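This briefing is for a reader who has not seen this structure before. Please look through the sequence and the model first.

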Amino acid sequence: MVASILLVITSTYAQRKVEFTIVVEDNSGVKIPIILGVDDRATDSLDSNLGEQFLPPFHPPAPSAIHAVVLVENQFCNKSYRRILNQNKFSLEYTIKVNHYSERNAPFFFTWEYPFPEYIDSAKIMDGLGGVLYSFPLDSTKKSILITNEGLVKYNLVLWYNLPPVSVYENEQEPKNENISIEYNKESGELIVSSKEKCLIQIYNSLANKLWAGDLNVGYESIKITSFASGVYFVIITDPIGTITTKRFMISR
């Protein structure tokens with residue numbers, strides 16, 4: 001029964017994704033978009049399924065002499081998504097590299113759109129020296145920054161994210177068992193399982209991986225789920241005579 005439920009619901013998995021685009025351009029009119037953000041599916045390496053791909057060394061697009069990339073594991077890429085942290089408010093820093101002044105012989109611009117995409121509170125770009133020479137907030141007061149320094153090739157973009165609180169949506173998969181109740185406490189981030197009889201509690205994700213298991217005597221059990229990523233999960237409760245109560249819930253951050 002457990003396997004069949006998990007297979008049926010797999011397609012309802014929800015993903016979170018936020019992206020921000022900063023553009024590098026010069027007076028030739030060529031614009032090089034650099035896409036940065038977060039995604040539930042992202043890893044710390046190249047994610048080809050998210051459209052990330054390593055690029056060869058700098059080859060400026062004609063007729064421009066400017067080129068820019070984001071660094072992912074010291075490799076060149078045109079976009080980079082990071083893991084979403086286990087908190088609602090956090091910041092991440094991305095490294096952008098431009099080709100040397102000797103190749104372009106001209107200053108360049110960072111440009112951006114405002115207002116920012118949803119869930120991005122603010123942004124700042126600094127030079128790779130930690131903001132010693134350049135440190136600009138990206139906001140509505142300006143839409144571009146002219147970079148004239150001839151020696152700098154690395155810049156750090158900091159994005160501050162403010163994701164909505166975790167929401168848990170529940171759905172009964174079996175006739176309700178009056179001896180068992182399952183509730184979600186938003187403040188503590190815990191599932192509260194109460195039972196009038198001894199039972200076995202198991203939690204699975206939508207890929208049928210067991211994430212938690214434990215025995216519950218009469219009373220209640222608090223199960224911390226703040227580390228769970230967004231997606232569909234199943235609480236499977238088995239009483240002493242083998243009756244199974246299943247509740248599906250979805251976490252959306």
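Residues are numbered from 1 along each chain as its sequence is written, and side-chain values use heavy atoms, with hydrogens and water left out.

**Confidence**

- The chain has a mean pLDDT of 80, and 85% of its residues reach 70 or more; pLDDT is the predictor's confidence in each residue, from 0 to 100.
- Helices (H or I, at least four residues) and strands (E, at least two) are DSSP runs, numbered from the N terminus.
- Residues 1-14 have pLDDT below 50, and beyond near neighbours in sequence this stretch has 26 contacts in the model. Contact means heavy atoms within 4.5 Å.
- Where pLDDT is low, the predicted coordinates should not be read in detail.

- Two strands pair if DSSP finds at least two bridges between them.
- Strand β9 (residues 120-127) pairs with β10 in the antiparallel sense over 3 bridges, and the bridge partner of Lys-124 in β10 is Pro-137.
- Another open sheet has 5 strands in the order β6-β2-β1-β8-β11, and its pairing is mixed.
- The edges here are β6 (79-82) and β11 (144-147), each with a single partner strand, so one side of each is left without a neighbour in the sheet.
- Neighbouring strands of this 5-strand sheet are turned by 20 degrees against each other on average, direction ignored. The axes are lines fitted to C-alpha atoms, for helices over the stretch in contact, and angles run from 0 to 180 degrees between N-to-C directions.
- Strand β1 (residues 17-25) and strand β8 (residues 108-112) pair in the antiparallel sense over 4 bridges; Glu-25 stands opposite Phe-109 in β8.

**Strand β4**

- Strand β4 (residues 68-72) has 5 of its 5 residues buried, so it is largely enclosed by the rest of the structure. Buried means under 20% relative accessible area, exposed over 50%, and partly exposed in between (1.4 Å probe, protein chains only).
- In a regular strand the side chains alternate between the two faces of the sheet.
- From β4, Ala-68, Val-70 and Val-72 point one way, while Val-69 and Leu-71 point the other way.
- β4 is joined by 3 bridges to strand β7 (residues 89-98), and the two run antiparallel. Val-69 has Lys-97 as its bridge partner in β7.
- Another 3 bridges join β4 to strand β5 (residues 75-77), also antiparallel; here Val-70 stands opposite Cys-77.
- The hairpin of β4 and β5 has 2 residues between the strands, and Glu-73 in the turn has a positive phi of about 55 degrees.

**Nonpolar cores**

- The largest nonpolar core has 37 residues, of which Leu-138 and Leu-157 touch the most other members. Such a core is a set of buried Ala, Val, Leu, Ile, Met, Phe, Trp, Tyr and Cys residues joined through side-chain atoms within 4.5 Å.
- The largest share of this core, 5 residues, comes from β7.
- Apart from this core lies another, of 17 residues, among them Leu-191, Val-193, Ile-237 and Ile-251.
- Leaving aside neighbours within four places in sequence, the contacts of Leu-157 include Phe-20, Leu-92, Ile-125 and Leu-138.

**Aromatic pairs**

- The count comes to 8 aromatic pairs. Rings of Phe, Tyr and Trp (its six-membered ring) pair if their centres lie within 6.5 Å; planes under 30 degrees apart count as stacked, over 60 as edge-to-face and the rest as tilted.
- Phe-20 and Phe-116 have ring centres 5.5 Å apart and planes at 70 degrees, so the pair is edge-to-face.
- Phe-20 lies in strand β1 and Phe-116 in the loop between β8 and β9, 96 residues apart; both are buried.
- Ring pairs link Phe-20, Tyr-114 and Phe-116 into a cluster.
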